[in-house]
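Today I am opening my notebook to look up how side chains pair up. Come along and keep the viewer open.

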Amino acid sequence: METQSFVAERRQRVASVDRWLDGLLRAACAGPYAWERGTGQQGVALVAVGSLGRGELAPGSDLDLVLVHDDRDDIAGIADRLWYPVWDSGVALDHSVRTPEEAVNVARDDLKAVLGLIQARHVAGDADLTRSVREAVLAEWRAGSARRLAELREAAELRARTSGELAFLLEPDLRDARGGLRDVQAMRAVAAAWVAGGPGPRVREAYELLLDVRHGLHLVTGRGADRLVFQEQDAVAGALGLLDAETLMRRVAEAGRTVAHALDGTWRAVDRPVSRPGQQGRRPLADGVVEHSGEVALARGADPARDPALVLRAAAAAAEAGLPLAPATVTALAGRSAPMPVPWPDAARDALVALLGAGRAAVPVWEDLDQAGLVVRLLPDWERVRHRPQRNPIHRFTVDRHLIETAAGAAALTREVSRPDLLLIAALLHDVGKGWPGDHSVTGEIVARDIGAHIGLPPADVDVLAAVVRHHLLLPETATRRDLADPVTIGRVAEAVGTREVLDLLAALAVADGRATGPAAWNGWKATLVSDLVRRVRSVLAGAPPPPAPVLRPEQAALARHGGGAVRVHGGAVTVAAPDRPGLLWRAAGVLAAHRLVVRSATAASAGATAVIEFSVVPEYGSPPDPATIESDLRLVLAGRLDIERRLARRARAARPARVPAAPPRVTLLDDASATATVVEVRVHDRPGLLWRIGRAFGECGLDVRAACVETLGAEAVDVFYVVDSAGRLLADEDRRSQVRYHVLAALR
């Protein structure tokens with residue numbers, strides 16, 4: 001589907017504004033100061049900078065104008081007669097009045113001013129005056145390029161730190177994010193200093209796409225916005241003639257990646273030392289690959305047309321040496337490489353593994369290959385995940401970037417597994433199913449089988465690869481959503497993984513995948529749970545009997561002896577011991593929620609008539625609350641002397657409503673997930689007191705919560721509860737199960 005372009009509309013807008021401003025300047029200089037336009041006798045020129053100067057005026061853009069004069073005494077009156085009609089029209093105006101000398105002096109110290117003036121455009125008045133100003137500013141810019149380009153780079157890096165990376169943001173700033181419009185303008189400024197070439201055709205195409213998106217955003221919002229917020233994306237997609245927001249964001253991600261990659265190349269060109277005679281040495285790195293002037297290049301006589309594996313060998317050599325591929329080398333590989341035989345030869349597959357095994361250094365090299373279209377040529381299925389957005393706040397990257405980031409992270413874990421090559425390949429492919437409809441783990445298994453055979457893996461290795469891709473979420477999801485003390489849980493995982501080899505690969509992949517996803521997807525708490533699960537499953541696979549039912553630890557037993565109720569708060573661990581009765585868990589959870597504590601997990605055990613509940617908690621924000629206050633309120637609620645419902649209702653009223661509508665909650669009763677309890681999974685948008693609400697609904701249904709596994713992924717909660725009826729039995733009656741679903745859903749509204 002072709003994108004609707006607003007280029008012609010922007011040109012017409014610029015031409016219309018130019019005519020209007022020309023007329024305003026003529027009128028401002030009329031009367032006793034009449035002059036003939038173009039003669040240069042009057043020494044006044046109107047110069048456009050910013051979006052008008054670049055000819056990119058969008059509907060909500062303001063006007064950036066400089067009135068240049070040759071030291072005229074009457075310039076203040078001319079300026080007033082020029083600016084006031086603009087202000088009266090309602091158009092936002094950024095203006096200044098300068099002599100040529102003043103313009104040069106300001107540009108010498110003000111980066112924003114010089115960037116505007118080196119891309120300035122004459123609008124009206126004395127064209128020779130405009131030309132002289134631009135030439136003087138450009139001469140100063142080139143003469144001071146060493147200092148000014150360092151300043152320009154620092155500004156670009158500050159924008160990137162402040163605004164993030166355009167390609168990977170849910171709500172990107174089209175102008176200031178890394179890979180955005182300002183980065184292309186920075187490349188033009190570098191080119192104006194005669195230090196590197198200007199943006200190439202792919203970058204110019206990406207730039208026009210971003211301009212069109214911003215134009216559409218202005219039309220949709222009716223104002224000069226640069227941030228493409230979530231709720232506007234479908235409308236902007238429609239304005240551009242695209243299918244939906246996901247299609248739009250994929251185009252934006254591709255454009256942002258193109259610009260960011262080109263900007264990196266520009267800074268490398270700025271840093272590249274000038275070659276001198278006698279400094280042309282070439283250091284061999286691999287067969288047909290050498291280091292030359294700090295970059296990786298093809299050796300003399302190396303021919304990609306006769307050596308299909310050369311592209312991967314060069315990439316692996318670059319990553320292992322920590323050097324970039326020379327742009328000319330990437331161009332040669334893209335233009336001359338012969339198709340890779342299928343299945344791949346062993347040397348090509350080994351080079352792929354070596355590339356991935358280089359860790360973080362593999363990421364920019366992979367980006368070089370991807371920008372040149374070489375990755376899709378080597379792995380055609382890559383096209384379906386390339387630049388695919390993940391419209392979920394827990395994900396930092398698009399699908400394809402997440403895959404290479406995961407592989408880079410897995411490189412540090414290869415010592416933990418018996419097949420490091422399969423770990424790296426599985427990390428690269430674990431989410432490849434996201435390019436297809438349906439459960440990405442299921443479709444990913446099919447795609448991974450095809451790719452495994454494509455790259456020449458033996459059938460047995462293909463089976464292992466497919467199993468790892470199919471079950472790559474098994475360990476983290478089970479660890480955070482199931483009772484690890486339940487033998488059924490451990491038995492199910494052991495049956496799914498089948499072998500110690502697959503288990504170890506899944507354990508390493510879980511770490512790499514979680515870290516590459518983002519901080520909400522991986523932390524010390526989850527790492528501990530996954531490690532505990534792996535230990536238990538490993539024991540079962542080794543033939544050991546299932547672990548016995550958990551018993552109270554000494555400190556828990558000591559608390560349980562205080563039958564009237566006891567509380568201990570230690571860091572992120574909260575332990576409650578009280579007479580066992582229905583509703584104990586959710587009442588305690590309500591107190592924690594009232595104190596701004598998010599419950600990560602909750603487990604329960606009993607000693608006679610006393611229940612012991614352990615919560616793992618973190619503060620919603622800021623410093624943790626006072627433990628003594630928490631203990632006091634927990635004792636009050638256990639004694640029935642604290643109305644926790646009223647306190648939580650007050651918190652809910654004060655909470656800021658969500659900016660975007662959330663998907664409806666879902667409540668699922670999972671059959672056969674436990675032999676001793678009915679497992680209820682609740683997926684819902686997270687909010688304060690969520691565990692309390694759900695637990696209270698279970699209490700209304702006469703159910704007892706034996707254990708809870710709570711996980712928050714970004715703004716979404718996935719909470720799992722092990723419940724029994726008042727007689728300690730599973731829920732078998734369908735009417736009773738429907739009643740539970742109804743009450744829990746009602747509590748979530």
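**Entry 1: salt bridges.** I started with the term itself: a salt bridge is a side-chain nitrogen of Lys or Arg within 4 Å of a carboxyl oxygen of Asp or Glu. I also noted that this is a predicted model. How many salt bridges does the structure hold? I found 53. The general idea is friendly enough: side chains of opposite charge can pair when their charged atoms come close.

**Entry 2: a pair inside a helix.** I looked up glutamate 405 and saw that its salt bridge partner is arginine 401, with 2.9 Å between the closest N and O atoms. Where do these two sit? Both belong to helix H17 (residues 399-410), and because they are 4 residues apart there, about one helical turn separates them. Next I checked burial, for which the cut-off is under 20% relative accessible area. Glutamate 405 has 10%, so I wrote it down as buried. Arginine 401 has 14%, so I wrote it down as buried too.

**Entry 3: two other bridges.** I turned to aspartate 643, which forms a salt bridge with arginine 646; their closest N and O atoms are 3.7 Å apart. Is aspartate 643 buried or partly exposed? With 44% relative accessibility, aspartate 643 is partly exposed, while arginine 646, at 58%, is exposed. Then I found glutamate 681 bridged to arginine 683, with the closest N and O atoms at 3.1 Å. Here glutamate 681 is buried at 10%, and arginine 683 is partly exposed at 28%.

**Entry 4: a network.** I also traced salt bridges that link Glu254, Arg257, Glu367, Asp370, Arg386 and Asp400 into a network.

**Entry 5: aromatic pairs.** I found 5 aromatic pairs in the structure. One of them joins tyrosine 84 and tryptophan 87 edge-to-face, with 5.0 Å centre to centre and 90° between the planes. These two are 3 residues apart in helix H3 (residues 75-88), which means about one helical turn lies between them. Tyrosine 84 is partly exposed at 46%, and tryptophan 87 is partly exposed at 37%.

I then looked up phenylalanine 168 and phenylalanine 397, an edge-to-face pair with 5.1 Å between centres and 85° between planes. This pair links distant parts of the chain, 229 residues apart. Phenylalanine 168 is in the loop between helix H7 (145-163) and helix H8 (181-192), and phenylalanine 397 in the loop between helix H16 (374-378) and H17.

**Entry 6: arginines over rings.** I finished with arginine 142, which lies over the face of tryptophan 194 at 3.8 Å from the ring centre. Arginine 384 lies over the face of tryptophan 436, at 3.6 Å from the ring centre.

Methods: Residues numbered from 1 in each chain as written. Predicted model: local features only at pLDDT ≥ 70, side-chain atom pairs only at ≥ 80, totals over all residues. Heavy atoms only, no water. Buried < 20%, exposed > 50% of the residue type's maximum accessible area, 1.4 Å probe, protein only. Phe/Tyr/Trp six-rings, centres within 6.5 Å; stacked < 30°, edge-to-face > 60°. Lys NZ or Arg CZ within 6 Å of the ring centre and 35° of its normal.
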